[in-house]
Amino acid sequence: MQAVALIDCNNFYVSCERLFRPKLNGKPVVVLSNNDGCVVSRSQEAKDIGIGMGVPLFTIEDQVKKHDIQVCSSNYTLYGDMSSRVHDSIAEFSNEIENYSIDEAFAILEVNRYSKPLFDSGLEIRKAVKAWTGIPTSVGIGPTKTLAKIGSKLAKKSSDGVFDLTNERVREEVLAKTSLVDIWGINVRTAAKLFKLGIQNALQLRDLDVRSARSALTVVGSRLVEELRGNPSIALEMMAPLKKTICCSRSFGGEVKTLTEMTESIINYVSTAAEKMRRPQLVANAIQVFIETNRFKEKGQYSNSATIKITPTDSTRELIGYATSILRHIYRPGYAYRKSGVILLGLQPSESETRRLFHEDTYLKDRKLMNAIDALNMKHGRQTVRFGMPLKREKAWTMNRNHLSPSYTTNIGEILRIRS
DNA sequence: TCTGGGGTCCTAGGACCC
DNA sequence: TCTGGGGTCCTAGGACCC
């Protein structure tokens, strides 16, 4: 028999900051997003004061002063590094690990009648991660990933830091007390839908017949019900699948009103995105540029995006050229812009990487084979159409971003002129 | 005045083909 | 008033996650 454990770092970013600044221990601490805009991590003390997740800093300034809350800018290099150490530590305890996010990992725990109880395994992992990395964790254990997730939430509140949901009776008790939004994959919108059907807690959802779940929430719903019943329906992904998109975007510190400044930002993002793409030897199929004004303001809104097809052989310099052309095309003067970004789409392994994958003597091959074959089949001839759009339809660009700006298309001639 | 960034999956429906 | 049928591919948009 097998069980799944979810090892979840407590207040991860704050815990990382505390490792290197022990003075923060025992005090309320928050870590902020880019531009020091929003709270993205809170210490227990900060949570107890009532600081919400994701709140803008300027809305809690009174509390910061009153409670002497320690405010940190984020340092993602540090968190990434600590994350690998945590994942490496967990790998000492299981051969089947999924590094699910920067602060979480699933691990398969083997159960047999001679081995120690799962609960003790949880304690052991927790203790080791703390000793080896300094990061406190919570461990949830259950027959499925969804149940392990629920367990980890309870573990955070328990004194042991471990909660085992493999026992069916315990599970039933817990599920009856678990609200819908505390289930992995259910947010307020979905919860509201279920509420209308008379479903108010995890136990009722578990006992909903699969067909109703499917008709209300599509396949996601039926998977959820199965998971809650203890039937694994969400596989453990030991190999991180290849990325399908790479995005680089930022909100500006203030308002940006000139094409020159916008162009500078776009050039930066393309360089960063291209670097992220080339390191794992990927190539992209298309590039998208988007721009937005301040979405929190009521008036003077504009946002837009456009995508063009690119080829694997395009250099970063060429990509910058395309991206700035796209920008010129979607940019409208007279607006105060707050955000811009670049997305590389349709990522595939490069040809050399594909060859390497073919020769690689591991199960890696199976997972990547489909992508690899696609990559080999990729055309190298340059086309200026958006993907999926045949040339004859003369619909190379599509402007869509949102309701604020109408969709329209331009013809190939215009694109060529812009690109040249 | 100040409001993050980077992803994935699913479905409906349009466009196209024979 | 009638106006095929079956299939694929693609995208936008919704929903969710950390």
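The model is predicted. In chain A, the secondary structure amounts to 15 helices and 14 strands. The chain has 420 residues, 45% of which are buried. Among contacts in chain A with a separation of 6 or more, 65% link residues 24 or more positions apart. The accessible surface of the chain is about 22300 Å², and carbon and sulfur atoms contribute 51% of that area.

At least two lining residues are supplied by each of β1 (2-9), α1 (12-20), β3 (39-42) and α6 (145-157). Helix α6 makes the greatest contribution to this lining, providing 7 residues. When the lining is divided by class, 11 residues are nonpolar, 4 are polar and 11 are charged.

Helix α6 also contains Lys145. The relative accessible area of Lys145 is 4%, and this residue is therefore classed as buried, the cut-off being under 20%. Beyond its neighbours within four places in sequence, Lys145 is in contact with Val4, Trp184, Ile234, Ala235 and Leu236, as well as with the glutamates Glu98, Glu227 and Glu237 and with Phe106.

Two of these contact partners, Glu98 and Phe106, also face each other in a strand pair, where Glu98 stands opposite Phe106 of β6. The strands concerned are β5 (residues 97-101) and β6 (residues 104-110), which pair in the antiparallel sense through 3 bridges. Together, β5 and β6 form a hairpin in which 2 residues lie between the strands.

Because its relative accessible area is 2%, Ile183 counts as buried. When residues up to four places away in sequence are left out, Ile183 touches Thr146, Ile150, Thr178, Ala202, Leu205, Leu224 and Leu228. Thr146 and Ile150, both among the residues touched by Ile183, fall within the span of α6 (145-157). Between Ile183 and Asn167, which are 16 residues apart along the chain, the C-alpha separation is 18 Å.

Definitions and conventions:
Residues numbered from 1 in each chain as written. Chains lettered and ligands numbered in written order. Predicted model: local features only at pLDDT ≥ 70, side-chain atom pairs only at ≥ 80, totals over all residues. Heavy atoms only, no water. Helix = DSSP H or I, 4+ residues; strand = E, 2+ residues; numbered from the N terminus. Buried < 20%, exposed > 50% of the residue type's maximum accessible area, 1.4 Å probe, protein only. Contact = heavy atoms within 4.5 Å. Areas by Shrake-Rupley, 256 points an atom, 1.4 Å probe, with all protein chains shown as cover. Pairing = 2+ DSSP bridges. Nonpolar A, V, L, I, M, F, W, Y, C, P; charged D, E, K, R; others polar.
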